[in-house]
Each structure stands twice: as structure tokens, then as C-alpha cells.
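Work through these exercises with the model open.

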Amino acid sequence: MNILISNDDGVFAPGILAAKQAVEDLADVTVVAPDRNNSSVGRRITLFKHLKLISCELEDGSPAFSVSGSPADSVIVGVDYVMDEKPDLVITGINTGVNISCDITTSGTVCAALEAVSLGIPAIAVSLFIDPKTSYKQDENGKWYMDYDFTLTKKVLHDLVLRIII
């Protein structure tokens, strides 16, 4: 099985590494994502400029590709130019923050999954609820940062993909 993973938070966002780690024991995984945060861009695609595709490494040293475009662009580039054959599944996320209600139509995470579906590829959009009361932490210098816990989300994603491939 071949899985393409993308997102809207950018190729170096912690959620994309978590998504890859969640399913890498189930399939061959290719990561292609925007080179920077593209949250809330909907299903925007790039028409009037060239896209840059750059090979890079995720934090764990695994290969990935960054695209100088939107999440939908990343899915198209991944399917048409990076992967040797059409993926069996596209996973977008793990987005840091929920995609619910009226956010659905603007979500780059959800719309990247919709782009995959429009190409005839099943897709899953995955988001992580961030509790502002417990997720914001301070380091020893008083600088604020987000403490992401992908443990449950990774397990749910793994188990869902396992059910799909059986």
C-alpha cells in the first residue's frame, strides 16, 4: 500500500511527522507538503506561477518534499510528480487545531483531502484538538510554546488505516 501524507501547517510542522509515524508500519509513505504554513486557504491551487519542489528531511531524518504552494498543490504534485504510482490513500494532517463547523470550507487540511478525492483517491483529514488551558507551556526562560500530544490521534489514525486496508 502507498500513502501520500500532506497538510496545511507546512512540511516541518510536528503533526505531519506524527501522521507519518502513525502509519509507516502499514504502508510505504511519501510526505509532500507546503514549504510553510498555509492554514485557511481552502482548496486554492496555483495557476500563474511555477511551483518549487524541494527534497528535505523531517525531524526524524526521513525524506520529505516541500512545495512552494498550497495544500491542494502539494497533493497534486505528490500524486503527479513525486510518487511513481497513484497512492492508495491520502492522509492530510495531523492539523494542530480542530476543523469543524464553518471552518471546514476554508481548512487547507480538509481541502487537501478533497483535492485527493477529486483525483479519485480516498482521503482522510486528521485534526488534533488543542486545549488552550493545558497546551500552552512556558520554558525556563519564560518563553511560551505549544505542547502537542499526538499519542491518541496517532493511535486512532493507525487503527483507522488498518481497518481500511484489511
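**Exercise 1.** Find the distance between the closest N and O atoms of Asp-35 and Arg-36, and say how exposed each residue is.

Solution. Start with the contact: Asp-35 and Arg-36 form a salt bridge, with the closest N and O atoms 3.5 Å apart. The term stands for a side-chain nitrogen of Lys or Arg within 4 Å of a carboxyl oxygen of Asp or Glu. Next, accessibility: Asp-35 has 29% relative accessibility and counts as partly exposed. Arg-36, at 54%, counts as exposed. The cut-offs for relative accessible area are under 20% for buried, over 50% for exposed, and in between for partly exposed (1.4 Å probe, protein chains only).

This is a predicted model in which local features need pLDDT of at least 70 and side-chain atom pairs count only at pLDDT 80 or more, while totals for chains, interfaces and linings use all residues. Residues are numbered from 1 along each chain as its sequence is written, and side-chain values use heavy atoms, leaving out hydrogens and water.

**Exercise 2.** Work out which parts of the chain the pair Asp-147 and Lys-137 ties together.

Solution. First, the pair: the two side chains, Asp-147 and Lys-137, form a salt bridge at 3.4 Å, N to O. Asp-147 sits in the loop between strand 8 (144-146) and helix 5 (151-165), and Lys-137 in strand 7 (residues 136-138), so the pair ties together parts 10 residues apart in sequence. Helices (H or I, at least four residues) and strands (E, at least two) are DSSP runs, numbered from the N terminus.

**Exercise 3.** Describe the salt bridge between Lys-155 and Asp-159.

Solution. The closest N and O atoms of Lys-155 and Asp-159 are 2.7 Å apart. Both residues lie in helix 5, 4 residues apart, which is about one turn of the helix. Asp-159 is partly exposed, with 30% relative accessibility.

**Exercise 4.** Count the salt bridges, and name the residues linked in a network.

Solution. The count comes to 6 salt bridges. Lys-20, Glu-24 and Asp-60 are linked in a network of them.

**Exercise 5.** Locate Asp-131 and find what its side chain lies 2.9 Å from.

Solution. Asp-131 is in the loop between strand 6 (123-128) and helix 4 (132-135). Asp-131 is partly exposed, at 25% relative accessibility. A polar atom of its side chain lies 2.9 Å from the backbone nitrogen of Lys-133. Finally, Asp-131 and Tyr-148 are 17 residues apart in sequence and 9.7 Å apart in space, C-alpha to C-alpha.

How values were computed: Polar contact = N/O pair within 3.5 Å; in protein donor to acceptor, adjacent residues only side chain to side chain.
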